[in-house]
Amino acid sequence: MTSPGENLRINGERLWESLMEMAKIGPGVAGGNNRQTLTDADKEGRELFARWCEEAGLTLGVDEMGTMFARREGEDPSLDPVYVGSHLDTQPTGGKYDGVLGVLGGLELVRTLNDLGIKTRRPIVVTNWTNEEGTRFAPAMLASGVFAGMHAQDWAYDRLDAEGKRFGDELERIGWKGPEKVGERRIHAMFELHIEQGPILEAEGKDIGVVTHGQGLWWLEVTLTGKDAHTGSTPMNMRVNAGLGMARITEAVHQIAMAHQPNAVGAVGQANVYPNSRNVIPGKAVFTIDIRSPELDKLTSMREQIETQAGKIAEDLGLGLNVEPTGHFDPVTFDENCVKAVRDAAERLGYSHRDLVSGAGHDACWINRVAPTAMVMCPCVDGLSHNEAEDISKEWATAGADVLFHAVVETAEIVE
């Protein structure tokens, strides 16, 4: 297998210009983006990406989950392609780079191959996976999960957003329900470039994160049922306070995660009380618990302890309790050869690097179940993500895309 020469680099200026152009679609209110999946903004972002792919000479395929696959043909079209990509959808208050860097970094490596007249034996496919964020339609990584056989397609179509709109209906509404059956594509390997979404690389002054593992997670939606009552006239010993139950379970989640250190995290993220009036004791609370660990036994133990303690808290306070899992995947170990390709690329290019465990879920975590997969990460300022203030430098983006280029092109095999 021939490795690209260390002098081969992507066009960092062009990549950055593409990132800034995509960021104009679905602008947020504080400098970031709100391009949630299957919205009109998502449609517009897809159309721009499709136009860029066409201009780069790529052939676009779309599957029944709306995932976009832009193919650069190889010298031997019969060989399984090397896939590269991430997602274009964002959080409601998302940044310009989460996911987008991976998609446009893939496009940039194809543009660079075109510029240099380099051919590869295997085709290369740049991918935009639908609904990675899971913020509008839970769970996250929905389309890649269907592709990998983790979710039934009909079940995915029936996911509802906060307004009761159905995923399948919204996919058709924006015109991106493709004809291709989901999961039938053959994948030789897949690489995903992403911002770290954590502070380690920046703090240690490293250019590149070589992702060896991904954390497993459980998302649990908890519903506590008590009794609405007047805050001023109801005696303390006669209250059935769902808000109090939520507070105690929130503290329990924190303590359980701390007891499972190292390599375990947990928190309550989304929280709502009802009727949410200043002078009414909450009669109902609905909130989500997010627990993660790269170690399966710790992940399992945390869930068991949280459910046990939540049951005791609810019983002590006289509350009804329902716990519903809304998202889950086991810890991921990425493919040894793909990880080596990333590490070798960083060393060949002279970029400082370190191994990382990804703290967030990514489409690569699902695809790793059906094809060899690895991830490249670049730093982000203060580790901040899922926030409009999310920021990276042009140099970080360029370094990550350079490493992606080398790992993908080496795997796709340069034609001499």
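Predicted model: local features only at pLDDT ≥ 70, side-chain atom pairs only at ≥ 80, totals over all residues.
You'll find glutamate 133 in the loop that runs between β4 (124-128) and α4 (142-147).

Why pick that residue? The unreviewed UniProt entry gives the feature "binding site" at Asp98, Glu133 and His386. Those positions are spread over 289 residues of sequence, yet they cluster in space, with a largest C-alpha distance of 9.6 Å.

So who does glutamate 133 touch, leaving aside neighbours within four places in sequence? Two of the contacts are Asp98 and His386, which the UniProt record also lists under "binding site". Glutamate 133 also contacts His87, Asp89, Thr90, Gln91 and Ala140. With glutamine 91 there is a polar contact between the side chains, at 2.8 Å.

Now over to aspartate 98. This one is in the loop between β3 (82-86) and α3 (100-116). Is aspartate 98 buried or exposed? Its relative accessible area is 5%, and with the cut-off at under 20%, that makes aspartate 98 buried. Beyond its neighbours within four places in sequence, the contacts of aspartate 98 include His87, Asp89, Glu133, His194, Gln197 and His386. The side chains of aspartate 98 and histidine 87 are joined by a polar contact of 3.4 Å.

Let's step over to threonine 37, in the loop between α1 and α2 (40-55). Threonine 37 has a relative accessible area of 2%, so it is buried too. A polar atom of its side chain lies 3.5 Å from the backbone nitrogen of asparagine 131. Not counting residues up to four places away in sequence, threonine 37 touches Asp89, Thr130, Asn131 and Arg136, among others.

Last stop, the helices. Two packed helices are described by the angle between their axes and the distance between the axes. For α1 (residues 12-23) and α3, the axes come within 10 Å and cross at roughly 140 degrees. That makes α1 oblique to α3, and the crossing is right-handed. On the α1 side, the residues that meet α3 are Arg14, Leu15, Ser18, Leu19 and Met22. Their partners in α3 include Val100, Leu101, Leu104, Glu108 and Arg111.

Technical notes: Residues numbered from 1 in each chain as written. Heavy atoms only, no water. UniProt positions renumbered as here; feature names shortened; annotations may be inferred. Helix = DSSP H or I, 4+ residues; strand = E, 2+ residues; numbered from the N terminus. Buried < 20%, exposed > 50% of the residue type's maximum accessible area, 1.4 Å probe, protein only. Contact = heavy atoms within 4.5 Å. Polar contact = N/O pair within 3.5 Å; in protein donor to acceptor, adjacent residues only side chain to side chain. Axes fitted to C-alpha atoms, helices over the stretch in contact; angles between N-to-C directions. Parallel < 35°, antiparallel > 145°, perpendicular 65-115°, else oblique. Left-handed = near helix turned anticlockwise from the far one by under 90°.
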